[in-house]
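The stops below are meant to be taken in order.

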Amino acid sequence: MDGEFLKPDHDVSASLSHLLPGTKLQFAWDSTSLGLLKTCPRLYELTILEGYTPRDESVHLRFGGEFHTALEQYDHSRANGVRHEDAIHDVVRELLIRTVDFDPSPDTKAGKYKSRENLIQLVIDYLDHFGEDPAVTFIKEDGTPAVELSFRFELDWGPGIEVQGKQYMKELDDPQGIREFSQPYLLCGHLDRVVHFNDQLMVLDRKTTQTTLTEYFFRQFEPNNQMTLYILAGRVVLGTMIKGIIIDGCQILLESPNRFVRGMTYRTEDQIEEWLGDLKVLLAQAESYAQANHWPMNDTACDKFGGCQFRGICSKSPQVRERFLRADFEKLEEGKRWNPLIPR
Amino acid sequence: MNDLDELMSRDPMDLSAQDIDSIVLYHRRQRARRAAGEKTTKPKVDISGIMGTLKSAVAPAVKITRRI
């Protein structure tokens, strides 16, 4: 498997599709789209292929994105020798400028917890908490800090439909056609930071949550689709032994100080191989769904994670679902939908 | 509107270095207040404003006779 890290200004057009032309067959996958497909094919269809999103989803995305951007700036400053206090000062100034239009309604739960003021509070609290962090940013061969790394790498196989197409083009002796039918699967994503920690190389990932940071919270990462992919990605793209992932759990609280707890998760080579084997079967299933143009509902997953956002839709009769979807959800334009090929 | 609200409502491009330091300091104090168990969330409604508009209670026209 070969892979690369992408620079933030990497020339990837928003129009570049993660689907094979003229199909609903996805060839570029990230942990979000894989996770949705694993949870429920119908959930995957509605979110990734159809582009439905809850009306308050933008608050969560914006809050999370701004939080990560602020910490990225801090990590860059610190790796370049800037003092903690000066780095915080710069981060807060930039955050205020970027979020001048961010004003979620305090009457919604999302807006109450994820306000602009709470965002600034969370950033300052996190940076003060981990100010003297024993995890030190890894410096890449090119001398830049390994912070906010968008990655992309090819798998050893591609969509089966493509294999059939390639075979057909071979029979026709059409070299151009063979090239067009040579798209391998891609795995894409984004690593917050790679660090040296206790003489080991680890990926560091930050998770904001409103739930209590107990052992139960950290248990969700073992096994975990996203964490296994990130460890694999770190090993492929950095070409070095990433032992595991440090998870900084960040609990947003309104009346008490925000809480931060650090957890770890590790993967062996065998576990990674097993995950890749499972992935091959899963992607073959996705191909069969795309060919049938039918993504079945996994009705044993509707109550997971506090209840699926589409539960109210799937519980309706199929004839009226579209009407309820349009009322309760926003359907994003194609260019604005989740696309693993677009780096952050 | 408190000092932080005033600072946050300004155009961020106009904030001085001292203003930014004040915002950072405010949030650190806010964290300390929360750690000490103080209530720090703002009330949704300005109660004192509403109380000022209330008229004094008017005595009922008919005297209520208790049954028990």
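**Before you start**

This is a predicted model, in which local features need pLDDT of at least 70 and side-chain atom pairs count only at pLDDT 80 or more, while totals for chains, interfaces and linings use all residues. Residues are numbered from 1 along each chain as its sequence is written, chains are lettered from A and ligands numbered from 1 in the order in which they are written, and side-chain values use heavy atoms, with hydrogens and water left out.

**Stop 1: where the chains meet**

Colour chain A and chain B separately. Contact, meaning heavy atoms within 4.5 Å, involves 25 residues of chain B and 23 residues of chain A. Together the two chains bury about 2100 Å², and 54% of that lies on carbon and sulfur atoms. Buried area here is the accessible area (1.4 Å probe) that two parts lose on being put together, summed over both.

Eleven residue pairs are in polar contact between chain B and chain A, with both residues at pLDDT 80 or more.

Which elements of chain B give two or more residues to the side that touches chain A? They are helix H1 (3-9) and helix H2 (17-35) of chain B. Helices (H or I, at least four residues) and strands (E, at least two) are DSSP runs, numbered from the N terminus. H2(B) gives the most to this side, with twelve residues. By class, the side of chain B that touches chain A has eleven nonpolar, five polar and nine charged residues. Here Ala, Val, Leu, Ile, Met, Phe, Trp, Tyr, Cys and Pro count as nonpolar, Asp, Glu, Lys and Arg as charged, and the others, Gly among them, as polar.

**Stop 2**

Side chains of opposite charge can pair when their charged atoms come close. A salt bridge is counted when a side-chain nitrogen of Lys or Arg is within 4 Å of a carboxyl oxygen of Asp or Glu. Four salt bridges are found across the interface of chain B and chain A.

Select Arg31(B). Its side chain meets that of Asp125(A) in a salt bridge at 2.7 Å, N to O. This pair crosses between chains, from helix H2 of chain B to helix H6 (residues 116-129) of chain A. Arg31(B) also forms a salt bridge with Asp128(A), at 2.9 Å, N to O.

Buried or exposed? The scale is relative accessible area: buried is under 20%, exposed over 50%, and partly exposed in between (1.4 Å probe, protein chains only). Arg31(B) is partly exposed at 21%, and Asp125(A) is buried at 3%.

**Stop 3: salt bridges within chain A**

Over all chains, the whole structure holds 22 salt bridges. Select Glu45(A) and Arg42(A), whose closest N and O atoms are 3.6 Å apart in a salt bridge. They lie three residues apart in helix H2 (residues 41-49) of chain A, a separation of about one helical turn. Glu45(A) is buried, with a relative accessible area of 15%, and Arg42(A) is buried at 15%.

Go on to Lys304(A) and Asp303(A), a salt bridge with its closest N and O atoms 3.9 Å apart. Lys304(A) is partly exposed at 42%, and Asp303(A) is partly exposed at 48%.

Now select Asp75(A), Asp133(A), Arg193(A), Arg206(A), Asp248(A) and Arg262(A) together. Salt bridges that share partners join these residues into one network.

**Stop 4: helix H10(A) and its ends**

Pro223(A) sits in the loop between helix H9 (215-219) and H10 of chain A. At the start of H10(A), a side-chain oxygen of Asn224(A) comes within 2.9 Å of the backbone nitrogen of Gln226(A).

Select residues 225-238 of chain A. The 14 residues of H10(A) should span 20 Å at 1.5 Å a residue, and the end C-alpha atoms are 20 Å apart, which agrees. The expected span is 1.5 Å times one less than the number of residues. Of the 14 residues, 13 are buried. Just after the helix, Gly239(A) takes a positive phi of about 65°.

**Stop 5: the loop between E6 and E7**

Finish at Asn198(A), in the loop between strand E6 (186-197) and strand E7 (200-209) of chain A. Asn198(A) is not a glycine, yet has a positive phi of about 50°. It is exposed, at 61% relative accessible area. Asp199(A), found in the loop between E6 and E7 of chain A, has a positive phi of about 65° although it is not a glycine. Asp199(A) is exposed at 83%.

Terms used
A polar contact is a pair of N or O atoms within 3.5 Å; within protein, one must be able to donate a hydrogen and the other to accept it, and residues adjacent in sequence count only if both atoms are side-chain atoms.
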